[in-house]
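Here are my notes on this model. Please read them alongside the structure.

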Amino acid sequence: MRSLEGLEQLPFEPGASLPETAEVWWRTPVDARRLAWMELLSRGYTTAYVAPFFALGALLLVLEPLLFPVSLLCLVHAWVIPELFANRGARVLAPDVAADDRAGRGLLADLLDRHPAAVEARTGAVVEQGRLGVWVIAEKGALLVRPGGRRVHAFCVGVKDPELRRPDRVAHLLLALRQDEVGFATVANHAFAGARWRIRRRVAAARRPALDAAVLQSRNV
């Protein structure tokens, strides 16, 4: 997981670049064009992994229909591989069972309007509109729902300070996103790009309503 170490040092500076971007100078800034390229690349390597199993399954049936069980096993492998990719992406919204939620939501409560605050209180994740799409931010990272709600990207990122409570970790990630959305996406480790329906089934049940709210918002923009 990529950590943002300087976020504890406020004040918040809208429009300023995140200092952590200097540490990943070799990465291409993640803008709308870069996201589209990531989606294309993801489809490409998923196809490269899956196609051989489909081809092998079909070939076995042609050669010997009695090999149907083996052919079916090939199809199962072809299904499981994209599911593993989606599961890796969904982990960025996995609740941190060791996180401390005591003493209210502190800074996070001051950053959210009424509706986002209600979603956060219910799910533990924040829904935030950005230029690249609608974000769902939790303590271990964020999902980005692209306009239209069909494609989702997963980014693994967190705050290094172990003493921060969960709401404060989310608040600092939210501030980083508001300060420099492109920098936030560039610094974070990209974990998944693909269909919303595939990753939604892997997201923790308690946080699916936040993803659903982000999808609905992305369709209404």
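How are α1 and α2 oriented to each other, roughly parallel or roughly antiparallel?

1. This is a predicted model. Helix α1 (residues 32–63) packs with helix α2 (residues 68–90) at an angle of about 170°. Their axes lie 7 Å apart. Angles over 145 degrees count as roughly antiparallel, so α1 and α2 are roughly antiparallel to each other.

2. On the α1 side, the contact is made by Tyr45, Thr46, Tyr49, Val50, Phe53, Phe54, Leu56, Gly57, Ala58, Leu60 and Leu61. From α2 come Phe68, Val70, Ser71, Cys74, Leu75, His77, Ala78, Ile81, Pro82, Phe85 and Arg88. By class, the residues of this contact divide into 17 nonpolar, four polar and one charged.

3. Next, helix α5 (residues 166–179). At 1.5 Å a residue, its 14 residues should span 20 Å. The end C-alpha atoms of α5 are 20 Å apart, which agrees.

4. Is α5 enclosed or open? Of its 14 residues, 13 are buried, so α5 is largely enclosed by the rest of the structure. Buried here means under 20% relative accessible area.

5. The protein has eight helices and six strands. From the N terminus on, the order of elements is β-α-α-α-α-β-β-β-β-α-α-β-α-α.

6. Some totals for the protein. Of its 221 residues, 45% count as buried. The accessible surface comes to about 11600 Å², and 60% of that belongs to carbon and sulfur atoms. Among contacts between residues at least 6 apart in sequence, 73% join residues at least 24 apart.

Methods:
Residues numbered from 1 in each chain as written. Predicted model: local features only at pLDDT ≥ 70, side-chain atom pairs only at ≥ 80, totals over all residues. Heavy atoms only, no water. Helix = DSSP H or I, 4+ residues; strand = E, 2+ residues; numbered from the N terminus. Expected span 1.5 Å × (residues − 1). Buried < 20%, exposed > 50% of the residue type's maximum accessible area, 1.4 Å probe, protein only. Axes fitted to C-alpha atoms, helices over the stretch in contact; angles between N-to-C directions. Parallel < 35°, antiparallel > 145°, perpendicular 65-115°, else oblique. Contact = heavy atoms within 4.5 Å. Nonpolar A, V, L, I, M, F, W, Y, C, P; charged D, E, K, R; others polar. Areas by Shrake-Rupley, 256 points an atom, 1.4 Å probe, with all protein chains shown as cover.
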